[in-house]
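Have a look at the fold first, then read on.

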Amino acid sequence: MVAKNRKQTGKSPATQTDRDKSPLVSPPGKSNVRRPGRESKAFNSSHSNGLSGIRHKLGLTPSAVAKMGITLLLAALTGYLHWHHLSQLFENDRHFSHLSNLEKEMAFRTEMGLYYSYYKTIIEAPSFLTGLHMVMNDRLTEYPLVINTLKRFNLYPEVVLASWYRIYTGVMGYFGIPTKMCWSINRGEGLTPVDSCEGMGDPAYFYVSCVFLLNGAMMSLFFIYGAYLSGSRLGGVVTTMCFFFNHGESTRVMWTPPLRESFAYPFLVLQMLLLTYILRTRNPSRTAMVALGVSNLCFMLPWQFAQFVLLTQVASLFASYILGYLAASKMQSILVTHMITLGVCFILMFGNSMLLTSFYASSLVSIWVIIALRHRFAQVFRPGIVIWVMQGLAWVGSTVLLKFMLSTILCASDDAHISGLIKSKFTSYKDFHTLMYTCAAEFDFIELETPLRYLKTLLLPINMLVVALIAGRTVQDIVRFLRDGGKTADADEAAGSESAGKGELVYHSLQLVAFTVLAVLIMRLKLFLTPHMCIMASLVCSKQLFGWIGEKSKHQIVVFALMAIMAVQGVANLQAQWAIIGEFSNLPQEELLDWIQENTLPDSVFAGAMPTMASVKLSTGRPIVNHPHYEDAGLRERTKLVYSMYSRMSGETVKRNLMKLGVDFFVLEDSWCTRRTRPGCSMPEIWDIEDPQNVGKIPLCTHMSRNSRPHFTTVFSNDIYKVLKVPKATKDLR
């Protein structure tokens, strides 16, 4: 390929503890009360409504403003570096700027292509509202059904980006400002040249650029988060360095921009930062709670998995409450915020039943009731371990009971596969849908190499030390509490302040444990664990935990020494990422899509492997009957019928399955017939669990790869794909 020439705060004042811990506000060394003369002069100043006026309203000294400015400047720098890092890795891996429009679309495989197709639908529609109506009344994704994809697939990011793209191109077009540059690329090897465009006016370029900008802003939040939690800007530096040094374990946005986590996770970081502020503040303002709710909503709307993450957060907070580190009133305020957010999300998702029937929703209700009945618990059970255990058991029992009651009442089974997946982790249980998950490496148990990588960058040892110190102090508090006969120190204001200060550390430690459990069970979820470990690593800069090291200079020397040791493996990890140089090319699929575009009718219906169907829908606009979004019970059954092609059933049975779905063409891939990630995980072996009576027979896909007759007709084939024409269904099958 030839090269191209291109080159919030609330209104309640911060407490003494807040100021001591926050690097954004200087510790009070001088009085903030001005002399009457100076006050009058400041009031009469022409700058009273400018920066000095804002500073005065916030109660900040000039040195505090300077420190805040430095913190925000460093945060912006880390955000820019992360945006640049992501953009370069993505470009280096795929040479994205040199790809044609079709190649760019093919680069978005599996779910990514499905999500991007709706963005494409909206920007290509005559108007934004027309495009929105098309995705809310979609006839192509699960033919012949008409579905609201905005409800089913969490597509608010695509709706927002499509609206921004239309506004951007409209404004630029009005002023006659060019938004992209296009070249003709000679691909060599006898291939036809393609047009390649680069710039914000190119739909795919605009899409991925917005994703990388959002995740650059996320790194700025990480810096602020680490600085705020540790009470030192050095803590922010440690957090961001740990993230960069463990980048491959922390995110995959540079390889898979359209995935839901790319849009949702930055808002989880913001939500946890706000939650930390609320836990630290004795009386958080209504503004802080509203901000928490908004960030919660922005996290939940783009991602169906958000409810499971928030379940672990609520559970960690409840454990902190049980141990006495979180006041009942504050816990109830947080729960109410979560409930309101869940209700708003339910409405915006057009009544998606998975939200109301989730363990998260049931947990919110059960915990709120338990806290409301706390005095009854205190009357029945002795203070201490007994009442803690009973509250925990009441939470687990009522949550599970309420969840299954709601699922039964609302006839919701979309999340049944999650229960099966969890069950398969602890027992020998397995079925077709469970194996479709567990046979994929990312849904297997965490690999042994992951903790070894953490060990080499010191991320694991530092976290173990931090958690050990927090656990040690927590155990001391518990022993003291039990020794005093369960008497609380609520009357003692100083003790209450100290408990509140420890509460945020206890919560973060419990959240780390929860993320560790998720990551161990499902490797893909280490994308929550690793960033949280980076946040926890910032606490090596905390005077509260490591004041025993000595004076500030000695403490900083120790931290810099740790960062130097981290950098040995960390820099090697970064160099390994930078060394990834590739160029996307998928000629067999390009031939397939071109053939479909030129030789089939626009209403021809296709079925096949889920990843391929996403590409067929995106690039050809043909109706499909199955797709990679596996979270719907009806879709799982459709996919099971389609995948019977890879079973050992008879050709007549499979043909009837496809005819019932109204399929015109089946895209057969030999690799799906023979691929085996591990014993028991090839498609024929997976089918053996569901179809034991045909075990031992030759898979139908093997027969079809040799000769598709008499049941089907081969109309296209290349090295990878074979398109089989399905006979038209008779009336009795319709």
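Start at Tyr643, which touches Phe432, Met436, Gly608, Ala609, Met610, Asn626, Trp672, Met683 and Trp687, where contact means heavy atoms within 4.5 Å and residues up to four places away in sequence are not counted. Keep in mind that this is a predicted model: local features need pLDDT of at least 70, side-chain atom pairs count only at pLDDT 80 or more, and totals for chains, interfaces and linings use all residues. Residues are numbered from 1 along each chain as its sequence is written, and side-chain values use heavy atoms, with hydrogens and water left out.

Tyr643 also sits in the largest nonpolar core, a set of 135 residues in which Tyr643, Met645 and Phe666 have the most contacts. Such a core is made of buried Ala, Val, Leu, Ile, Met, Phe, Trp, Tyr and Cys residues joined through side-chain atoms within 4.5 Å; buried means under 20% relative accessible area, exposed over 50%, and partly exposed in between (1.4 Å probe, protein chains only). Helix H13 (residues 260-280) gives this core its largest share, 11 residues. Helices (H or I, at least four residues) and strands (E, at least two) are DSSP runs, numbered from the N terminus. There's a second, separate core too, with 54 residues, including Leu102 and Trp595.

Now for the cysteines. How many disulfides are there? The count comes to three, taking a disulfide as a pair of cysteine sulfur atoms within 2.5 Å. Cys182 is joined to Cys197, S to S 1.9 Å, and this pair links strand S1 (residues 181-185) with strand S2 (residues 194-198). Cys182 is partly exposed at 44%, while Cys197 is buried at 9%.

Next come Cys439 and Cys681, with sulfur atoms 2.1 Å apart. They lie 242 residues apart in the chain, both in loops, and both are buried. Their link is left-handed, with -80 degrees about the S-S bond. The remaining pair is Cys673 and Cys701; the torsion there is about 65 degrees, so this disulfide is right-handed.

Trp368, in helix H18, counts as partly exposed because its relative accessibility is 36%. Helix H16 (328-348) and helix H18 (359-372) each supply at least two residues of a nonpolar patch, and H16 gives the most, with four.
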